[in-house]
Amino acid sequence: MAELEVDIVATDGKVWSGTARQVTAPAADGEIGVLAGHTPLLSVLRPGEVRVTPAGGGAPERWTVEGGFLSVDSDHVTVVVDAATPVAPAAR
Amino acid sequence: MAGQQRVYKARIRSTQSLKKMFRAQELIAASRIGKARDRVSHAGPYARAVTRAASAVQAHGRADHRFLTPRTDTQRVAVLLVASDRGMAGAYSATVIRETERLVAKLRGEGKEVVLYLAGRRAVAYYTFRQRAVERSWTGQSDAPQVGTADEIATALLEAYERPGSEGVGEVHVVYTRFVNMVTQRTTVERMLPIELVEGVEERAQGQALPLYEYEPDPVTVLDALLPRYVRARLYACLLESAASELAARQRAMHTATDNAEDLIRTYTRLANQARQGEITQEISEIVSGADALAS
């Protein structure tokens, strides 16, 4: 199965990068899920939660973000946010 | 004659304590510069991501946004000057201020009215001493700028740019010092607004189609969110580069100062020794001539 290259960057540094199966983000019109082969997309993000399902499966990585934007370009996903705080496993 | 010696001794002592201070400042600057450069590299990914997205939008030719097209309804121009909070950095602040003055003169020559925004206490001191009007200033963290401050500055500049009519500004320029490496820092003037996307425009092979972006929810909203972030990221990068440059300039200036102090100490030590020897010679000749006078 095709995979996504994901970069999550905040103002003060890289938050996460790696390969993933799926990225879910709070787009302006509602939650958006990105899988491999998505059309190029540039979307505004609302404050909310970004979830990344790693390529190897397993529990998704989750962050609470303060808004930003998301770009998808030939299976390369870049999530640019003003601030991201990881959601602790205990809080799930 | 003993007075002469005492004067030199006192000078040596004070120069020694100055030297200690210079040395300490040099070490402080040297230890902070690593951190400053780290911060520059940490901010890199964000700036690159924003720039890539912005230039992709630009490449589509759909870019028709108020941040990208020049304003014609106002003659006012904002200039942001990034200098340091403290001295002891050689000509660092003076160079930036001089470059700003040149830019201001050039803009005035084009019939524009310049509005000054300052970052760094040295710049504020320069302009308040000359009683020149300053729109807004920020001080206190020139050697370790925080994201919050950069945001504040960016917000002020964007707000001025977006203000309608003759109250607003038509262009925003930034004068800062680019950190090339430890020995070279270049004073740079950049036009921040309207945005000219220069860096990061990827060269694409002939025939390879550019991705046709879908905008969610629509192009204007996306650009509204994207372009201010681009400005913020650029501005933050400017502040960080200036901070690294300031520390490098300080380290170099303090190194030179330490060397000069050492030279001075050496000179004064020689003079003090000369004075001491002169004193001894005089005493001996006094004794000898006294004895001679008695003997004859």
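Residues are numbered from 1 along each chain as its sequence is written, while chains are lettered from A, and ligands numbered from 1, in the order in which they are written. In this predicted model, local features need pLDDT of at least 70 and side-chain atom pairs count only at pLDDT 80 or more, whereas totals for chains, interfaces and linings use all residues.

**View 1. Overall form of chain B.**
Chain B has five helices and six strands; helices (H or I, at least four residues) and strands (E, at least two) are DSSP runs, numbered from the N terminus. Read from the N terminus on, the order of elements is α-β-α-β-α-β-α-β-β-β-α. Along the principal axes, the C-alpha atoms of chain B fill a box of roughly 115 × 40 × 30 Å. Of the 296 residues in chain B, 33% are buried. A residue counts as buried if 20 or more other C-beta atoms lie within 10 Å of its own, as exposed if 12 or fewer do, and as partly exposed in between, with C-beta atoms placed from the backbone.

**View 2. The two domains of chain B.**
The domain assignment of chain B gives domain 1 (2-26 + 252-286) and domain 2 (39-198 + 214-251); such bounds come from an automatic or database domain assignment. The C-alpha centres of domain 1 and domain 2 of chain B are 47 Å apart. Six residues of domain 1 of chain B are in contact with seven residues of domain 2 of chain B, a contact being two residues whose C-beta atoms, placed from the backbone, lie within 7 Å. On the side of domain 1 of chain B that touches domain 2 of chain B, helix 1 and helix 5 of chain B are the elements that give two or more residues. Helix 5 of chain B supplies the largest share of that side, four residues. The residues of this side of domain 1 of chain B divide into two nonpolar, two polar and two charged. Here Ala, Val, Leu, Ile, Met, Phe, Trp, Tyr, Cys and Pro count as nonpolar, Asp, Glu, Lys and Arg as charged, and the others, Gly among them, as polar.

**View 3. Gly278(B) in helix 5 of chain B.**
Gly278(B) lies in helix 5 of chain B. Gly278(B) is partly exposed, with 13 other C-beta atoms within 10 Å. The C-alpha atoms of Gly278(B) and Gly148(B) are separated by 64 Å, and the two residues are 130 residues apart along the chain.

**View 4. Contact between chain B and chain A.**
In this interface, 21 residues of chain B are in contact with 22 residues of chain A. Two or more residues of the chain B side come from each of helix 1 (2-59), strand 6 (214-216) and helix 5 (219-295) of chain B. Helix 1 of chain B gives the most to this side, with eight residues. The side of chain B that touches chain A divides into 17 nonpolar, two polar and two charged residues.

**View 5. Strand 4 of chain A and its two partners.**
Strand 4 (residues 41-45) of chain A pairs with strand 6 of chain B in the parallel sense over three bridges; two strands pair if DSSP finds at least two bridges between them. In strand 6 of chain B, Glu214(B) is the bridge partner of Leu41(A), and Tyr215(B) is that of Leu42(A). Strand 4 of chain A also pairs with strand 7 (residues 68-73) of chain A, in the antiparallel sense over five bridges. In strand 7 of chain A, Val72(A) stands opposite Leu41(A). Four of the five residues of strand 4 of chain A are buried.

**View 6. Helix 3 of chain B.**
Arg122(B), Ala123(B) and Tyr126(B) are buried in helix 3 (residues 121-129) of chain B. Seen down the axis of helix 3 of chain B, the buried residues fall within an arc of 100°, so they line one face of the helix. The arc is that of the directions from the helix axis to the C-beta atoms. These buried residues pack against strand 1 (76-82), helix 2 (92-109) and strand 2 (113-119) of chain B. Gln131(B), which follows helix 3 of chain B, has a positive phi, near 55°.
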